[in-house]
Amino acid sequence: MASSSLTKPQMRGLLAKRLRFHIVGAFFVSLGVAAFYKFAVAEPRKKAYADFYRTYDSIKDFEEMRKTGIFQSAK
């Protein structure tokens, strides 16, 4: 009588059921990580590059490097 009150464990389809749950979870975690990377790393990096090249003068930079002697062929 005691054994009839115990429920049998689910043996068929257990892996598929657990995989379905974990795949959905992994999808949302990866989506969150991708959004975090975009807004915490990529956007500030793009802004920093845009700010740098907004005021960058390549001719002035070349002249400073030429005066310090970095280039051997340019005098």
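In the predicted model, D51 has a relative accessibility of 29% and therefore counts as partly exposed, where buried means under 20% relative accessible area, exposed over 50%, and partly exposed in between, computed with a 1.4 Å probe and protein chains only. Residues are numbered from 1 along each chain as its sequence is written, and side-chain values use heavy atoms, with hydrogens and water left out. Because this is a predicted model, local features need pLDDT of at least 70 and side-chain atom pairs count only at pLDDT 80 or more, whereas totals for chains, interfaces and linings use all residues.

The side chain of D51 meets that of R54 in a salt bridge, at 2.8 Å from N to O, a salt bridge being a side-chain nitrogen of Lys or Arg within 4 Å of a carboxyl oxygen of Asp or Glu. R54, with a relative accessible area of 60%, is exposed. In general, side chains of opposite charge can pair when their charged atoms come close.

By this rule, five salt bridges are counted. One of them links E43 with K46, whose closest N and O atoms are 3.3 Å apart, and these residues likewise both lie in helix α2, three residues apart. E43 is partly exposed, its relative accessible area being 27%. In helix α3, which covers residues 58-68, E63 and R66 are also three residues apart, about one turn of the helix, and they form a salt bridge in which the closest N and O atoms are 2.7 Å apart. E63 is partly exposed at 27% relative accessibility, and R66 is partly exposed with a relative accessible area of 25%. Through salt bridges that share partners, K38, E43 and K46 are joined into one network.

The UniProt record, an unreviewed entry, places the feature "transmembrane region" at residues 21-40, although such annotations may be inferred rather than shown by experiment, and their positions are given in the numbering used here with feature names shortened. In the model, the span of residues 21-40 is 100% helix and 0% strand, and its end C-alpha atoms lie 28 Å apart. L31 lies in helix α2, residues 14-54, and is partly exposed at 47% relative accessibility.

Notes. Helix = DSSP H or I, 4+ residues; strand = E, 2+ residues; numbered from the N terminus.
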